[in-house]
Structure formats: C-alpha cells, structure tokens
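Dear colleague,

Please find below the structure that I am handing over to you, with its sequence. My findings follow directly after it.

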Amino acid sequence: MDDDVAGRDRSGAAPGDFDRRRFLGVAAAGAVSLTAGGVTGCDSTTDVSPGAAPGRTETERSAAEERRRPGSPDWRIRSVGPPDAIEGYADKVSVLPGEAFGLHVSTTAPGFRVSAYRVGWYGGAEARLVWRSGRVAGRRQHPPRLESGTRTVQADWERTAVVRTDGWPEGAYLLRLDAESGHQRYVPVIVRSASASGATLLMHAVATWQAYNRWGGYSLYEGKDGTYGNRSLAVSFDRPYDKNGAEKFLVYERAAVVLAERLRIPLAYTTGVDIHLAPSVLRDATTAVALGHDEYWTPEQRRYVTRARDAGTNLAFLGANSCFRRVRLEPTGPGAVRTVVCYKTDYRHDPYLADHPSMPTDDFRSPPAAQPESAMTGVLYEGYPTDAPYLVHGADHWIFAGTGVRKGDSFDHLVGTEYDRVMPGAPTPRPIEIVAHSPLVCKGRSSYSDSAYYTVPSGAGVFASGTMRWVEALMAGTRENGRDHGMDARTGAFVTRTTENVLRAFAAGPATKSTPTAHDNVRSVYGHTSDGTGP
C-alpha cells in the first residue's frame, strides 16, 4: 500500500482548563482491485469482525486504539476543478462495520483512485487514511434524469466499484475521489454504530444535506431557473452532492466530530435516516447530538428521539433550525430508502396526503398536524438572516464553567445566520433556563436569540445553542476557519469550552444526576408577554 498512509504520531490530549485571564486574552475502489467486487482496508488491525455489531466494551477498546493511530494531514481537497472533472455518490448513506456499499463515479479523467479518511482528532490532523484503492479506470457517465412530477434529479449511474469496510472503525468518513487530472471531490459515508448504549450518539443530518443539494440544478429550495416554484418536491440520494461533495458536513458537522473525539468520551455514530429505520440504536445512549444544521426530520425520528429523552438520554442541539421541516422517506423502486419528500407549502398537492391526512410534509409547527419543534428542542426557529453578538445571561451556569465569562459578556458574530429563541407562548418543556439572551435585528424586526437548557423527570438535560454558527465557531481563529463570519479566537475558545462542558457532563448519564436541575427564568427574562417580545 501507499507509503503515506503512515504519519508521525502527534498525541491529542485535551487542552487544560482556561482561567479567566488566559481565556479572555486568547480572546474502488474498485472494480479495479477486484474482480470479485470487493476491496479490503490497508490498515485493518482492529478486532471488530466484519459485519458484526460488537458490544460497546469491545467497541470502546477499538476506539481507544484508533485514537492512538497517527493522522493523515493530507485529507483536504486541493483542486475541485470543473463540475464534471470527477464526482460520485454512494448507494448507501451509512453501513455497519464490515458491510459493503457501491460507489458510482463519473469523471473526464482516464482514471482515478479513492482514499477513505475517517474524521477525528488524531493529534490535530483531524482525519486518518483508513483505506486507498488501486487505480480505477475512469469514464464519463450519462446525464441525470428528471422525474417530472416531483422534479426529482437522479443520476442513476452504473456502479463503478464495491467498497467493503472490513476493519473500518465506526465513524464519519470522507471518501476522496482523486482524478488523474489532479482534481478531487468527496463522497461522505457514515460507518454507523449498531448500539449507542453508554455512549454519546452523533446524528448526521443526511436528509438536510440532500435538501440543500443543487446537483443537477434542483433542490428542495429552487429549480434550475432559480425559482422556488420550480423546486424539487422530493430529492434523491442517488446523485452526487454539489460543490466539493461534502460542504454541509464540513461546515456544520466536522468540527463537532473532531472535538467529541478529542474528549475521548464513548462515541457512537448514526444518521437521521437510520434512526427512522432502526431506532434501537438510541437505547441507553447517554446523549443524542444534533449537529450544526439538522433541519429535516421524519415524524418517526422525532418521536424516537423524544422517547429516548424521556428514558434518560440527554439531547444537545448544536445549531439552529433543528427539526423544522417534516419529511417522508421513500424507497427508489423496490430498493432501500433513497428519497426525501417535502412538499412544503404545496403539501396539499402531495398524493400521499389523501390516505394519510396526518402526514403532511410541511413545517412541524404548521397545520394540519401542528407540532412545534420547541416541544423537543426547547427553542423555536424564528428567522434569517441575522448577524449579532452572542450575549451571556447566566454566567454562573455550569455550562459556562471555566470560560471566565460574566453576565453581559458578548462574542461578536456568533449569532447567525439562522437563529432560535425561547417563545413563552409556544409548547416548551419546563423548567427551562435561558443562559444566553442575544438582541438582534432580522429583516428590520428586533428580536432575540436564546441558548437554553431544560430538564425533564427522567433526569435528562437538553441544551440548545440557538445559533447556526455554533459548530462553525469551534473553528474560529484557526486555519480551518474558512467561513468564520468574523468570529475570532476568543469566540472559538468560548464555544469550545462550553461544548466540552456539555458533552462531558452529558456523557456521565442523565444530567440531573451530576448537575443542577434547570431553573426556570423565562418570565424574568421575557416579562409577561406571550409573544416573547419582552418588556
């Protein structure tokens, strides 16, 4: 195998606590290899049997071993090139360790290779090369087809290779397609956990990735002509992601994965689609984490996550606009679930609604099956775009321990571009405590963004950041900060420490066993108004 799989070991011990002075101062695969259709890992020394669902003890032993491995700093794309230079998709959003998936690739280059990088801490390298294919012959595949009724784009390309994940640890993977022309793109795949018992479960938002995907000219937001009226009503996983192939993961999820792995807490991985299909992964999880932008949920996923909370699983919403859209998942032909359906304002035109009147694919808060997301998240999405300072309200809350902040301290640009808030008139679990209360202006209207924390009788705690820039802020002030919105290193240090506090406390089990129950302060923050405008 290639010599650059190995690298210099750089230990990744978590940084020490910040005192106030220091804190504020910082301020393929192929078909090639394999006529049999499979490929094997070039670094397969874990003791996880292919295809097996190991117990959490064995999984954690493997995870500890994985953390000691050297990283591969060369995982980043150097040249995307023209849209058709190389692009591809996997025929599964996730697999269990040892399972195989198909890779469908189109390229103008005569050949390419596939490199599978697992995202993690790895001493700061932030990914490790787990497997690399031999040379795969390239070819340009046919144009996509468009389903006229729902304006759904499907590539329907022939399978280029079958990739087997023997020896691949659970985690979030970026498959980098390296064309002989020098251009590259990613294909994201999750190697999911069969169980999250005793672990923090990271829920990757693949339905949201697909909703915003404009590959082929259509997304759930606009059509080829750029108008909302000609948008897709259903989108398919059977097509590449646009841009670099993994933009939503890189911007809204990767930094949280890296942080969680650095903390060395027990971790498990899944997707929203997999929770919908197999909710048993949630059983006895210490925490379920919605990452930076997790907007599109099925009612089933929401129901299962809520049940987990009521059984003692903590929830963390590290973004804004979570669980806002209600979607339906459908198979493509007789195969697996590969389509995300969301008619939005045209839900009445959905043929499915005739026999399933309680299943509109519109916003969760909207009729005819209104169920505002605040009943689970504690906060309600209000709008975009905005750009505002984040204003600390409850500086003495355990969530902010070690940050050195005082009430009224602010962090420029941390609130945006979408935001959530506590709405006193909306269905919201009580007691709920507002720990940050940030004035803002959105489209000329004055309002607030809130970070909030509530607890429930099961002992579970629920944290919602109230801003979509939370995960992005983990990279603020670093070389990774490509979309920092002006956030500085001081903001990055604050968000990092706060997130560490939440994840560490939640990893210990139901939050109220080790931290105080939420103190309801909605009335003192917002006054007596039901619309939450305050005094």
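In what follows, strands and helices are DSSP runs, a strand having at least two residues and a helix at least four, and they are numbered from the N terminus. Please note that the model is a predicted one.

I begin with the second largest cavity, which holds about 130 Å³ of space. Its lining consists of 17 residues, and those nearest the centre are Ala90, Lys92, Val93, Pro188 and Tyr241. Strand S1 (86-90), strand S11 (184-191) and helix H3 (206-212) are the elements that contribute two or more residues to this lining. The greatest contribution comes from S11, with four residues.

The next subject is an open sheet. Seven strands make it up, in the order S14-S12-S15-S17-S25-S24-S23, with mixed pairing. Strand S14 (267-271) and strand S23 (432-442) each have a single partner strand, so one side of each has no neighbour in the sheet. On average, and ignoring direction, neighbouring strands of the sheet are turned by 20° against each other. S23 pairs with strand S24 (residues 445-455) in the antiparallel sense, over 10 bridges; Cys442 is found opposite Arg445 of S24. Helix H5 (residues 254-263) packs on the sheet, where it touches strand S12 (200-204) and S14, and the direction of H5 makes about 155° with that of S14.

As to the interior, nonpolar side chains tend to be buried together in soluble globular proteins. The largest nonpolar core here has 76 residues, of which Tyr390, Leu414 and Phe494 touch the most other members. Another core, of 33 residues, lies apart from it and includes Met203, Val379, Val422 and Tyr526.

Some backbone details also deserve mention. Tyr384 and Pro385 are joined by a cis peptide bond, with omega about -5°; Pro385 belongs to strand S21 (residues 380-391). A cis peptide bond also joins Arg430 and Pro431, with omega about 5°, and Pro431 is located in the loop between strand S22 (410-421) and S23.

Positive phi values occur at two residues other than glycine, Asp284 and His413. For Asp284, phi is near 65°, and this residue sits in the loop between helix H6 (272-277) and strand S15 (287-290). Because its relative accessibility is 55%, and exposed means over 50%, Asp284 counts as exposed. His413, with phi of about 70°, is located in strand S22 and counts as partly exposed at 27% relative accessibility.

With kind regards

Terms used. Residues numbered from 1 in each chain as written. Predicted model: local features only at pLDDT ≥ 70, side-chain atom pairs only at ≥ 80, totals over all residues. Heavy atoms only, no water. Pairing = 2+ DSSP bridges. Axes fitted to C-alpha atoms, helices over the stretch in contact; angles between N-to-C directions. Contact = heavy atoms within 4.5 Å. Core = buried A, V, L, I, M, F, W, Y, C linked by side-chain atoms within 4.5 Å. Buried < 20%, exposed > 50% of the residue type's maximum accessible area, 1.4 Å probe, protein only. 1 Å grid on protein atoms, 1.4 Å probe; cavity = no way out; pocket = protein on both sides within 12 Å on 5 of 7 lines; lining within 4 Å. Points joined across faces, edges and corners; volume = space filled by probe spheres on them.
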